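Here is a friendly note to read alongside the structure. Keep the 3D view open and look up each residue as we come to it.

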Amino acid sequence: MQSLLALSPNLEAMQSPTTPPNSGRTRSRGIGGVLIAVYGVLALAATGRSFVQIATKFDHAPLAYVLSAVSAIVYIVATIALFRRGPVWYRVAWVTISFELVGVLLVGLLSVFDGQLFPSDTVWSVFGRGYLFIPLVLPVLGMVWLSTRGRDHVESGA
Amino acid sequence: MRDDVIEWFTWLQVVVAVAAGIVCLVLSVAGKVPNDYSLGALFAVELLLVAQLIVAVIAPAVGNNATGSPLEFYTYLVSAVILIPLAAFWGLVERTRWSTMILGVAALAVAIMLYRMLQIWTVQGA
């Protein structure tokens with residue numbers, strides 16, 4: 001058992017020169033890679049800001065800042081789900097991205113009507129204005145990409 | 001160290017980061033995989049970020065304190081310092097033109113973070 005585990009990376013290394021770069025597990029993600037990278041940046045931004053908010057001024061708007069932390073975690077999970085392959089991660093990606101779209105629309109709307117409940121500095125306030133509206137655009141692009149990838153799944157029979 | 005060191009140094013960084021971002025995006029559109037130019041541009045951004053980290057640590061000791069939250073400032077700075085190597089690593093692993101675009105996106109994201117840091121250091125709390 002142990003020897004098999006030890007051997008497997010070597011096998012992969014031996015195979016790699018003969019397998020084309022665009023096949024198998026390490027297949028290029030194309031423009032989808034850019035999407036994942038932007039998701040990663042947003043996850044980092046949301047996590048950083050949420051950390052600062054909870055550490056320094058949690059009392060100002062507890063509900064908004066808890067939601068901020070939840071959204072940060074969801075962005076992290078979405079980034080990982082988009083990065084990984086397979087039907088389970090595919091489903092996780094759909095769930096997290098849908099959650100984000102609902103979140104940005106709902107909180108965006110609420111923040112317009114009630115600035116006290118949702119201060120201007122959470123990731124979803126005023127439809128993500130503080131983040132160049134990327135939180136509003138990104139879930140839509142993510143869904144477009146997932147649906148094209150889903151078609152690939154069907155075509156390849158996976 | 002003069003009081004405005006953080007200010008002009010950060011502006012310099014913003015300019016370099018935006019330039020690096022544009023160079024990478026242009027190279028990506030031109031179909032280039034990550035090369036010495038795009039990765040070198042990111043390396044310059046990273047080098048300046050590390051210098052910024054040193055400057056920011058020293059500045060309060062010589063009487064130049066951030067007007068805003070130091071915690072927020074460092075959260076941005078450390079995030080930026082981590083972000084660039086991650087993008088570069090991606091660029092080395094996945095050799096496509098889209099990775100060059102990712103390098104550009106990372107550099108532009110850092111430019112925005114630097115601008116926020118500048119605001120925190122100079123105009124917040126005012």
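**Notes on the two-chain model**

1. Let us begin with one residue: B:Ile6 is buried, because 21 other C-beta atoms lie within 10 Å. The cut-offs are these: a residue is buried if 20 or more other C-beta atoms lie within 10 Å of its own, exposed if 12 or fewer, and partly exposed in between, with C-beta atoms placed from the backbone. B:Ile6 sits in helix H1 (residues 5-29) of chain B. Helices (H or I, at least four residues) and strands (E, at least two) are DSSP runs, numbered from the N terminus.

2. Before going further, a word on the source. This is a predicted model, in which local features need pLDDT of at least 70, side-chain atom pairs count only at pLDDT 80 or more, and totals for chains, interfaces and linings use all residues. Residues are numbered from 1 along each chain as its sequence is written, while chains are lettered from A and ligands numbered from 1 in the order in which they are written.

3. Which residues does B:Ile6 touch, leaving aside its neighbours within four places in sequence? They are B:Val55, B:Ala56, B:Ala59, B:Asn64 and B:Trp121. Two residues are in contact if their C-beta atoms, placed from the backbone, lie within 7 Å. As for B:Leu49, which is 43 residues away from B:Ile6 along the chain, the two C-alpha atoms are separated by 12 Å.

4. Now step back to the whole of chain B. Its secondary structure comes to four helices and zero strands. Of its 126 residues, 41% count as buried. Among the contacts in chain B with a separation of 6 or more, 83% join residues 24 or more positions apart. The C-alpha trace spans about 50 × 25 × 20 Å along its principal axes. A compact globule with 126 residues would have a radius of gyration near 14 Å, and chain B agrees with its 15 Å. That radius is taken over C-alpha atoms, and the globule rule is 2.2 Å times the number of residues to the power 0.38.

5. Helix H3 (residues 70-93) of chain B is worth a close look. Its 24 residues should span 34 Å at 1.5 Å a residue, and its end C-alpha atoms are 35 Å apart, which agrees. The expected span of a helix is 1.5 Å times one less than its number of residues. The buried residues of H3(B) include B:Phe73, B:Leu77, B:Leu83 and B:Ile84. What covers the buried residues of H3(B)? The cover includes helix H2 (31-57) of chain A, together with helix H2 (36-58) and helix H4 (97-122) of chain B.

6. The two chains also meet. Their contact takes 17 residues from chain B and 14 residues from chain A. On the side of chain B that touches chain A, H3 and H4 of chain B are the elements that give two or more residues. H3(B) provides the largest share of that side, eight residues.

7. Chain A has five helices and zero strands. Of its 158 residues, 32% count as buried. The chain averages a pLDDT of 78, and 74% of the residues score at least 70. Over residues 1-26 of chain A the pLDDT is below 50, and beyond near neighbours in sequence this stretch has three contacts in the model. pLDDT is the predictor's confidence in each residue, from 0 to 100. Where pLDDT is low, the predicted coordinates should not be read in detail.

8. Most residues other than glycine have a negative phi. A:Leu132 lies in the loop between helix H4 (87-113) and helix H5 (134-155) of chain A. A:Leu132 counts as exposed because it has 10 C-beta neighbours inside 10 Å, whereas A:Phe133 is partly exposed, with 14 other C-beta atoms within 10 Å.

9. Finally, the largest nonpolar core has 64 residues, and A:Leu42 and B:Ile84 are among those with the most contacts inside it. The largest share of this core, 16 residues, comes from H4(B). A nonpolar core is a set of buried Ala, Val, Leu, Ile, Met, Phe, Trp, Tyr and Cys residues joined through C-beta atoms within 7 Å.
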